[in-house]
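I opened this entry to keep track of what I looked up, element by element. The notes below follow the order in which I went through the chain.

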Amino acid sequence: MNLHALRIFNDVSKTGSITRSAGNLLLSQPAVTAQIRNLERELGMKLIEANGRNIQLTEAGIALARHSQRLFAMEAEMEEMMEAIKSGQQGSLRICATELPESALLPGWLVGYKQEHPRMEVQLLKGNSRTALQRLQDDSVHISIVCGSWPIEAEDIESFTIMEDELIFAVPALHRLADKEVTFHELMEEPFVLREEGSYTRKQLWSLMESSNAREPRCSITIEGLKESIEAVKAGYGAALVPALSIQKELASGELGKVKVSGATFPHPIRLCTKRQEARPAQVHSFISYIQADIREKNQYIHG
């Protein structure tokens, strides 16, 4: 069946007039009439009949009009869907993040993004840095968000810093070193809550011990997980090296104190990683644009 002729017939069936359809379709009346006649010859039956200055549909025309309207409504729906996917308004977005951004940043970002993109299917996964980058490389996710200043060696991954954070030493609020500045060697005399083997913060602590020629903490407990480590310090045990972002509320409320170590800083950038490609997928671009705008707005509010 000739779809061009069917499209013209579909418009005629809705307007009830060759003249009005010719105007809608920017065609001459003879051209519209010729296409209808061609379609009738192709099908071997009459579709329209004259009714004064207008036309009326035959029984076959009524049946064909009903189906053609469904067909072209579906076409319009497909075109609208493709445009929504192209513009980043519809589709799927999968993100994998390490523990800090997964718990402290992404819930708020994803809620706001979903409210602006209600037709986007969003999934958030959690993993360590290695897992997050591996999922990105095997195309299980579109974006990975990781922490730390360590190099990302994979050539097929590109990254940029979305937020600057730092690692700080946290202690219970009533600890004798709370809100004081001490030497690293003095701090190492305190009991410590250590993260598990392979943790970025544990690696940073050991690196500082090696460069400072300091021994390991004299007494420590090892806890897997950032949140669990912070809870142990809040319960009154020793010190821990943690991201500043993870204890903002506890520092503000006085539940925890901060110890400054003379001459030591620990940059802890939060980085967004994507696959290196000629053009980012629309949903990736729209999500990055959203969080960048959100960060700018919060920074403007904080700095007045």
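This is a predicted model: local features need pLDDT of at least 70, side-chain atom pairs count only at pLDDT 80 or more; totals for chains, interfaces and linings use all residues.

**The sheet and its helices**

I next traced the strand order, which runs β8-β12-β7-β11 in an open sheet of 4 strands with mixed pairing. The edge strands are β8 (181–182) and β11 (240–243), each of which pairs on one side only.

**The cavity**

How many cavities of 30 Å³ or more are there? I found a count of 1, and the largest cavity has a volume of about 60 Å³. Its lining consists of V193, L194, R195, T201, R202, L205, A240 and L241. The elements giving two or more residues to that lining are β9 (192–195), α9 and β11.

**Helix α4**

I checked the length of α4, residues 59–86, against expectation: at 1.5 Å a residue its 28 residues should span 40 Å, and since the end C-alpha atoms lie 41 Å apart, the two values agree. The buried residues of this helix are G61, L64, A65, S68, F72 and A84, and they pack against α1 (3–15), α3 (29–43), β2 (54–57), β3 (90–97) and β4 (119–126). After α4 comes G88, which has a positive phi near 80°.

**E40**

Is E40 buried or exposed? I noted a relative accessible area of 6%, and because buried means under 20%, E40 counts as buried. E40 sits in helix α3, and, leaving aside neighbours within four places in sequence, it is in contact with M45, K46, L47 and I48. I also looked up the separation between E40 and M188, which are 148 residues apart along the chain, and their C-alpha atoms are 92 Å apart.

Definitions and conventions: Residues are numbered from 1 along each chain as its sequence is written. Side-chain values use heavy atoms; hydrogens and water are left out. The expected span of a helix is 1.5 Å times one less than its number of residues. Buried means under 20% relative accessible area, exposed over 50%, partly exposed in between (1.4 Å probe, protein chains only). Contact means heavy atoms within 4.5 Å. Two strands pair if DSSP finds at least two bridges between them. On a 1 Å grid over the protein atoms alone, a cavity is a set of points where a 1.4 Å probe fits but cannot get out, and a pocket is an open set with protein on both sides within 12 Å along at least five of seven lines; lining residues have an atom within 4 Å of a point. Grid points are joined across faces, edges and corners, and a volume is the space filled by probe spheres set on the points.
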